[in-house]
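How do the helices of this protein pack against one another? The report below takes the fold as a whole, then the helix pairs in turn.

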Amino acid sequence: MLSALASALSYEFFQRALLVSLILGIICSLASFFVVTKQLAFIGSGIAHSAFGGIALGLVAGINPTLTGGLFAVFAAAVSGWLSQKGHIHEDTAIGILFSASMALGIALLGFYHGYVDVFGYLFGNILAVSKTDLYLVVAVATLAVSFFALFFRYLLAWCFDPEQAEACGLPSRFLHFSLLIVLAICVIVAVKIAGIILASALLVLPAATGRQLAPTYQKMILYSVLAGVGANLIGLWLSFAFNLASGASMVLAGSAGFALSLVWSHTRSQRSSAGDKL
């Protein structure tokens, strides 16, 4: 096993994949804390699916599909946030309509594309095919996301737990809402490179869901979320290389296994605590 890992590390593509897995594990785990706390899991899934229309448009128009997919994802996030702020429709309803329309647009546009397109690569991801340009993009997005969370963490935390009280205290709720959605959209479009459109949202849910089972405080929840996210990505990457599995599926399965173990541990701890109280 160690010799296989040492052999893998000698390949440049595996080194890039390892670095991207590590970086994305950190930023997606930080984002997942707010996704789980604010119950935005469906929003994350909807934003990822919305990117498909932009990716197809980029392929047909000869523009970088990651760029157009990212623009579509940011647009979907901004529109769903605006509609919910105006009170016209619920945010989940807005993103449900947007991602369905974007998926349909993507499928229709691909009918006009006559070149080769790796649709499965976009739907399910392939981290082992990450290029140097993709690596630079991930580093740029990570810098943006970490800076945003570092600058506005206290305000975001207050807004997530009690939006009305946060607004009464003078915090810019609308700005925090839109900014968080847009940062999530940017994280999602980068995560699509690893897990694909269908599974990218899992990277924004599983880490914090695991951390919540293990941690009694939000500080520890963030720490465990990052450990769970990075660990799942690295284990999934190794499984993908060693057994020739789809990278996104391997990472999501590793994260799901981690969540299942945390759930068992939390349940066992709760039962022991209850038994101790009765004695």
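Helices here are DSSP runs of H or I with at least four residues, numbered from the N terminus. On that basis the pattern along the sequence reads α-α-α-α-α-α-α-α-α-α-α-α. The model is predicted. The protein holds 12 helices and 0 strands.

**Overall dimensions**

The C-alpha trace spans about 70 × 55 × 30 Å along its principal axes. A compact globule of 279 residues would have a radius of gyration near 19 Å; the protein has 20 Å, which agrees.

**Helix pairs**

Two packed helices are described by the angle between their axes and the distance between the axes.

| Pair | Axis distance | Crossing angle |
|---|---|---|
| Helix 2 and helix 10 | within 7 Å | roughly 70° |
| Helix 2 and helix 11 | within 8 Å | roughly 145° |
| Helix 4 and helix 5 | 8 Å | about 150° |

**Helix 2 and its partners**

Helix 2 covers residues 12–37. How does its span compare with 1.5 Å a residue? The 26 residues of helix 2 should span 38 Å, and the end C-alpha atoms are 38 Å apart, which agrees. Just after helix 2, Gln39 adopts a positive phi of about 55°.

Helix 10 covers residues 206–214. Angles of 65 to 115 degrees count as roughly perpendicular. Helix 2 and helix 10 are therefore roughly perpendicular to each other. From helix 2, the contact takes in Ser29, Ser32, Phe33, Val36 and Thr37. Helix 10 meets them with Pro207, Ala208, Ala209 and Arg212. By class, this contact of helix 2 with helix 10 has 5 nonpolar, 3 polar and 1 charged residues.

Helix 11 covers residues 218–243. Helix 2 and helix 11 make a right-handed crossing. Their contact divides into 18 nonpolar, 7 polar and no charged residues.

**Helix 4 and helix 5**

Helix 4 runs over residues 65–86, and helix 5 over residues 91–110. Are they roughly parallel or roughly antiparallel? Angles over 145 degrees count as roughly antiparallel. Helix 4 and helix 5 are therefore roughly antiparallel to each other. The crossing of helix 4 with helix 5 is right-handed. Helix 4 contributes Phe72, Ala76, Val79, Ser80, Gly81, Leu83 and Ser84 to the contact. Helix 5 contributes Glu91, Ala94, Ile95, Leu98, Ser102 and Leu105. The residues of the contact of helix 4 with helix 5 comprise 8 nonpolar, 4 polar and 1 charged.

Methods. Residues numbered from 1 in each chain as written. Predicted model: local features only at pLDDT ≥ 70, side-chain atom pairs only at ≥ 80, totals over all residues. Heavy atoms only, no water. Axes fitted to C-alpha atoms, helices over the stretch in contact; angles between N-to-C directions. Helix = DSSP H or I, 4+ residues; strand = E, 2+ residues; numbered from the N terminus. Parallel < 35°, antiparallel > 145°, perpendicular 65-115°, else oblique. Contact = heavy atoms within 4.5 Å. Nonpolar A, V, L, I, M, F, W, Y, C, P; charged D, E, K, R; others polar. Left-handed = near helix turned anticlockwise from the far one by under 90°. Expected span 1.5 Å × (residues − 1). Rg over C-alpha atoms; globule rule 2.2 N^0.38 Å.
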